[in-house]
Amino acid sequence: MSDERDDIAEQPEEQPDEQPEESILPTRVFPPGGTEIRVQSGADSDEEEGRLDLPDTLPVLPLKNTVLFPFLLSPLLVNTSTSQQLIDDVLVRPDRLLVCAALRREVNGAPQPADVYDVGTVLRVVKMLKFPDDSYRLLVQGVARVAIDEYVSREPFLRARLHPLEEEGDLESVEVEALTRNLSQQFAALVAESARLSDELQVLVANLDDPSKLADLVASNLELDVAGKQRVLEATDVPERLKLVLGQLTKEGQALEIETEIKEKVQSEMGRTQREYMLRQQLEAIRRELGEAEGSEESVEFFRERIEAAGMPEEAGKQARREVERLAQTPSAAAEHSVIRTYLEWMTELPWSTLTEDRLDVVEARRILDEDHYGLEKVKDRIVEYIAVLSLKRDLKGPILCFVGPPGTGKTSLGRSIARTLNRKFARISLGGVRDEAEVRGHRRTYVGALPGRLVQSLRKAGTRNPVMVLDEVDKIGSDGRGDPSSALLEVLDPEQNSEFSDHYLEVPFDLSQVLFIATGNLIDPVHAALRDRMEVIELPGYTLEEKVEIAKQFLVPRQITQNGIGGIPFELPDETLCSLVERYTREAGVRNLEREIGAVCRKVARRVAEGEQTEAVCVMPDDLFELLGPIKFEPELAEQGSQPGVAVGLAWTPAGGDILFVEATQMAGTGELKLTGSLGDVMRESVEAARSWLRSRSQEFGIDPQRDFDERDIHVHVPSGAVPKDGPSAGVAMVTSLASMLTGRRVVPNTAMTGEITLRGKVLPVGGIKEKALAAKRAGIERVILPEKNRSDVEEIADGLLEGLKLSYVGTVDEALQQALSEAPEV
């Protein structure tokens, strides 16, 4: 095997369209008879009939990428020296027989026996032609299936010992007849539909009665890989071979149907597109004749002027001018024309260079903020600070504020007030329930009906690029398969990135650095952590009773008088009436329900005025509320004047403000069990456990018998209003005071309330909501409040006068708290 091309296995040759005079066409036909074949020695040789006898050994020609079947004529190309030597050896023999077997895999170099399948086909060389390029062109005819037993030599070519494979199965059975008929019909249908197969195959199949040969003929014409055809060749059971070929034929038929359907759709679409193009050209010609084409030119010139006047940045201007040129070249009847025009309208109407002049008067800003809102000192101070810095540094980037607080505390209206203070435009975007990222970044123009995101839409509506923009309900943003809007807001709310915010619709950067963003939400925890990190969070606590009364007097009552048309008669709601409305008809942190109740009172008065029953001044007193609004909805907790051992008054913070709660303790004979009731949460239960353990460790100092009180008696701690869930560590001082009072028999000092967290070491730790708790104690008639020492700074932030008449005591340990909370002598 010295020839450099000996490593190439032989494969069937594809014949050119124009055949040489002596070439043989690759038409596959069956000779008549079974194993009896007609041996053709030349073009004009006489036919001789004889029975085939296979020799024991035959040369083996490996084939690459093909499988040949018995009784079929096939062309072969031989162009390697080793294979040509094999063919020369075959031609000198009278029978001119050889074995062709397919290769199992691609090989480098000469094929080895392990690379060749064990089942092949014995072939007879019918004709050979030599061409000027020294290649052999053969026409071979399949003779029989054979199995290769062993290879007897490898040089100069492969030679093997073999034996023929006998066919199995009952060829006369009904099953074989049905399979044969079905295979013949389906193959005829495939030939009729496929341009790849010759129509002559239909005639050939129709005249073929042998099931075995029919299966081989159909298999040879299917687009199967080598492994698939080899399985057919190795199938000696004729019914199984028919089923195998029929299955492959069905798959190819289905594939041809899909291919035909795709071609028809493509041709139909191309035909429709060409028709639309011709109609548009005709329509354009008609418009030119009617003089209507000038409108398009005027539109293009209009957009050119708008682009120059818009003051766009260089990149945005270049993109807009490019789209104008596209608009000029696009027929007005084309669908793309309206898409380009809409895009240019958005580009030219955005405030690329429009800025409103800020009002930088700090004193005036404070006056406007106080005029619009009562309280909210932290927020007002932050806005005044921003205006002060802006007056000194004009290129200051807008801060990213986040107002967090209960509903109805004025977060959104505060954004409006800030815009009025700065003399800026106001824009509001509601993000509650938004789940699509495109709501923030916009849709790409490839979509039908695409629009920019809400940010760009709000800027267009505001008409300036430095408005005050409120992102309302930022804590209620959702996410799904359409993206995460919170992640899209990361770029918007980052001062280092939002100067080049890119909307998917515009596809050019827009500067958002001058926008004063204010996000609002009821809770900060649901907000994305990275988004929360980009914002300056300012908490707006719920209003106290005193603040609600002032808000009602300054804002709510005047507004409801105007809205209900009773401004023509004197109308008054005294402070005590407003207090009764707040405490007995509403329970909220904000003032929305309070305004509704005031509106209900005003409507009742308006009805009386309209009916002529009321003509004089109206002054609604607390006793009148039952007639106007019905029964009391909420009954506030009030301090009890007399108490018994085991009862302490605690203070609690709620979203609706502060409130007092009673802690009751008692004991009875038992086994030392501790019972807790009143819808207590885990933290509050742990506070009771800590208080009990601390008292047991100090039982000797308090004169408590540990065995009797902790081992032989059960202790039951209850907090009334059992339907209301309660939790938190701030009731620790009240818990230990209640237990100590019950175990020592010493009553709690009357009109005393307390709050604070306790530890097993007897420390009193600070807690939150001091302002709300202290004011709740005052409303309930409490005269003294015991607070943790470390909460002294929180009390200093409460406005002067709000705590008038309330004595505050500060403690650092449980011993100090009990010393101030319990009476000196036990009850007898």
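Guide: Apart from neighbours within four places in sequence, Ser 699 is in contact (heavy atoms within 4.5 Å) with Ile 704 and Pro 706. The model is predicted, with local features needing pLDDT of at least 70 and side-chain atom pairs pLDDT 80 or more, while totals for chains, interfaces and linings use all residues. Residues are numbered from 1 along each chain as its sequence is written, and side-chain values use heavy atoms, without hydrogens and water.

Visitor: Why is Ser 699 called buried?

Guide: Buried means under 20% relative accessible area, exposed over 50%, and partly exposed in between (1.4 Å probe, protein chains only). Ser 699 has 8% relative accessibility, and therefore counts as buried. Its place is the loop between helix H21 (682-697) and helix H22 (706-711); helices (H or I, at least four residues) and strands (E, at least two) are DSSP runs, numbered from the N terminus.

Visitor: How many disulfides does a search of the whole structure find?

Guide: The search finds zero disulfides, a disulfide being a pair of cysteine sulfur atoms within 2.5 Å.

Visitor: Which residues lie nearest the centre of the largest pocket?

Guide: They are Lys 378, Glu 539, Leu 540, Pro 541 and Glu 772, from a lining of 33 residues. On a 1 Å grid over the protein atoms alone, a pocket is an open set of points where a 1.4 Å probe fits, with protein on both sides within 12 Å along at least five of seven lines; lining residues have an atom within 4 Å of a point. Helix H11 (377-392), strand E15 (536-539) and helix H24 (770-779) each supply at least two lining residues.

Visitor: How much space lies in the largest pocket?

Guide: About 1100 Å³, as the space filled by probe spheres set on grid points joined across faces, edges and corners.

Visitor: What is the pLDDT over residues 1-9 and 11-51?

Guide: The protein chain averages a pLDDT (the predictor's confidence in each residue, from 0 to 100) of 81, and 90% of the residues score at least 70. Over residues 1-9, however, the value is below 50, and over residues 11-51 it stays under 50. Where pLDDT is low, the predicted coordinates should not be read in detail.
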